[in-house]
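Hi everyone, thanks for coming.

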Amino acid sequence: MTEQEAKPEQQPLLQQIELRPVRSQGDLLTLDKSGGYPDNSSILREQPGLFRGRGLFLATFVMPVFLSAIYLFLIASDIYVSEARFIIRTPAASPGADGVFSSVAVSQGMMRATEETAAVNEYILSRDALDVLLSKANIREMFHRPEADFINRFPNFYTKDNKEMLFKYYRKMVHAWIDYDSSISVVSVMAFRPEDAMAIAQRLLAAAEGLVNRLNQRANEDALAYANAIVDQAKGKLLDAEKKLTDYRNKAGMIDPSSETTAAMSSITQLSTELSRFEANLREREALAPLSPALDSLREKIRAQRDEVDRQRARLVGGNISIASTLAGFEQLSLDREMASRALASAEANRERARQDAERQHLYLQTVVEPHLPDQATYPRRFLYFTLCVFAAAGLFYAAKSIKEIIEDHAL
Amino acid sequence: MSGHKWGAAGAANFFKGARIQLRVISTLMIREVLSRYGHENIGFFWIIGEPMLLTCGVMVLWSLTNQTHGAEEVGVIPFALTGYSHITMWRHIAFRFIRVMSHSSALVYHQYVKFFDILISKALLEVVAIFAAFLIALTLLWLLDLAPGIHDPLLLVGGWVFTAWFSLAFALCVAALSELSESTHQFLGPAMYLTMPLTGAFFFVDWLPPRAQAVMLWSPLVNGVEMFRAGLFPPDIATNFDVPYLVGSCFALTVIALPCVNYAQRHVQSPF
């Protein structure tokens with residue numbers, strides 16, 4: 001509203017009074033220094049239209065909301081998720097055959113193998129699994145479907161097309177984790193077509209089974225290799241002992257000193273019996289006919305017999321090559337051979353047991369939930385993301401406006 | 001909206017205001033530190049010395065009594081250093097902002113001093129001073145081979161900045177609420193004490209069972225201290241943090257705090 005003097009010849013004494021609303025800053029109210037006149041030096045002033053004075057609003061609120069609306073509702077492609085769950089189990093350990101662990105309560109059921117579950121989880125998220133998928137499931141095609149929008153597909157306008165980037169993208173699309181309480185492994189695959197997601201999940205399960213089989217095979221081989229080595233060693237020792245015994249026998253010149261001893265003792269006994277009979281005979285003859293010429297031959301016979309007995313006795317004990325001295329060595333070697341053969345028997349029993357254990361310690365991958373064919377896209381959650389974006393943009397606008405006002409406050 | 005400057009003049013206005021505000025804030029910081037510590041002893045270096053005393057005292061105590069608090073392989077001393085610096089900043093800023101607006105309402109009579117400057121200057125002083133205390137203590141300990149050298153400065157400073165941002169946002173809420181209600185300051189003490197596990201200063205997230213880890217990682221302070229520790233310790237110490245979540249939660253709290261402060265500053269009851 002302006003007031004002017006009615007008479008044109010008088011200078012307007014009153015200034016132009018313009019009522020302007022004063023913006024409250026929440027503290028001591030400050031008036032414009034210039035005393036009420038708008039700044040004449042600004043270039044763009046009093047712009048008509050909707051956007052006047054609203055640059056910040058446009059930039060921080062309208063633009064993000066608009067862009068996100070366009071992206072979420074027009075451009076973003078559907079992403080389907082297929083999920084599979086599995087567990088890795090192994091039979092519980094059984095006690096040893098000699099009953100050492102019989103005091104420990106044994107459950108003959110299956111246990112969960114937690115280390116192997118973690119190993120399989122790592123494998124699914126690794127480059128090895130990606131290689132398997134590359135060769136068997138043409139995963140590159142699946143990441144580059146025509147349905148995929150230009151931000152979500154794999155090679156992108158802003159990523160390079162090499163194996164490392166593919167791996168990063170793979171980690172973004174495939175998630176695998178182990179449930180806390182139940183130790184069930186979960187694999188969740190995202191893809192641009194439902195059948196793609198299911199195929200990738202199935203292929204990953206197959207690859208995980210392959211890994212489990214490889215683990216089994218390796219465990220088998222290791223256990224058997226060890227047991228075989230022990231058996232070979234025992235065999236070697238046994239052959240060694242046999243050879244030593246043979247050498248000894250050859251050196252001593254007799255097969256079995258103990259039986260030789262028995263034979264020698266029996267012959268000594270026999271000869272002694274005959275000797276005593278001859279002596280009895282001689283005495284009898286001497287008593288009956290002292291001058292008989294047969295006495296001499298009888299005495300000769302007795303002397304020969306005595307020599308024979310002495311000789312047999314000498315063969316048995318005394319001297320270097322007597323039977324008694326070889327008996328000690330023979331006993332020792334015979335004992336060695338006995339122990340070696342027992343060791344071999346026990347090693348073979350162990351090997352048999354190890355083989356059975358290894359076969360029983362197999363890991364099994366049991367699929368609890370098969371990968372399903374999704375019929376509705378899970379991502380992107382368009383309305384949710386849009387609402388979040390609206391709130392975030394509103395917050396951003398409010399924060400920016402507040403800070404701008406605070407700063408501009410100081411320039412008044 | 002006349003009086004509002006358009007275009008280039010508007011931008012010049014903005015930067016003029018920014019320059020003035022920066023000067024005001026730095027002046028307020030100097031005033032704050034002088035009014036707290038004066039010129040005796042080491043004067044304003046006490047702003048650095050005070051947190052150092054607390055932190056070093058705790059470190060000495062823990063290492064002398066062999067209370068490792070589970071930090072055997074990490075090292076008690078850097079563990080205590082990072083945790084205590086972090087929690088000191090959080091607590092100092094929050095406690096100093098109780099009724100800050102009414103205590104400093106005399107300053108607002110100056111033309112260029114606004115409440116927001118006072119708040120920012122107090123917080124900034126604490127942030128910078130405690131970070132300086134941390135760096136000095138770390139350098140001394142590193143020279144004595146009791147603490148590792150800084151592994152990743154960006155993560156270190158980033159963790160500190162985000163924690164500072166979150167502390168500031170929370171403290172703004174505290175300032176606003178304490179102006180509007182009489183009994184807020186009584187709740188703050190016990191609340192801070194009871195929520196100390198949520199600050200994550202006394203454990204590594206990696207030490208917790210998986211379910212507890214998921215729960216703890218919802219706390220922005222835990223994310224902040226983990227990021228801070230990731231910057232200090234070598235990467236074989238496992239840390240879990242989520243930067244987008246951290247940024248988002250700081251931002252959300254700021255957006256909540258600003259209107260509260262805007263409202264409360266109109267209702268400041270001067271103590272005089």
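Let's begin in chain B, where the charged end of B:Arg229 sits over the ring of B:Phe204, 4.8 Å from its centre. By that I mean that NZ of Lys or CZ of Arg is within 6 Å of the ring centre and within 35 degrees of the ring normal. Chain A has an example too: the charged end of A:Lys301 sits over the ring of A:Phe278, at 5.2 Å from the centre.

Some housekeeping: this is a predicted model, where local features need pLDDT of at least 70 and side-chain atom pairs count only at pLDDT 80 or more, while totals for chains, interfaces and linings use all residues. Residues are numbered from 1 along each chain as its sequence is written, chains are lettered from A and ligands numbered from 1 in the order in which they are written, and side-chain values use heavy atoms, leaving out hydrogens and water.

Back to B:Phe204, which belongs to an aromatic cluster with B:Trp62, B:Phe79, B:Tyr84, B:Phe202, B:Trp207 and B:Phe233. Rings of Phe, Tyr and Trp (its six-membered ring) pair if their centres lie within 6.5 Å; planes under 30 degrees apart count as stacked, over 60 as edge-to-face and the rest as tilted.

How many aromatic pairs does the structure hold over all chains? The count is 23. In one of them, A:Phe73 and A:Phe386 have ring centres 5.5 Å apart and planes at 70 degrees, so this pair is edge-to-face. It links distant parts of the chain, 313 residues apart: A:Phe73 is in helix H1 (residues 55-75) of chain A and A:Phe386 in helix H10 (residues 382-409) of chain A. Helices (H or I, at least four residues) and strands (E, at least two) are DSSP runs, numbered from the N terminus.

What does E4(A) pair with? Strand E1 (residues 80-91) of chain A runs antiparallel to E4(A), joined by seven bridges, and strand E3 (residues 174-178) of chain A is also antiparallel to E4(A), over five bridges. Pairing here takes at least two DSSP bridges. Thanks, everyone!
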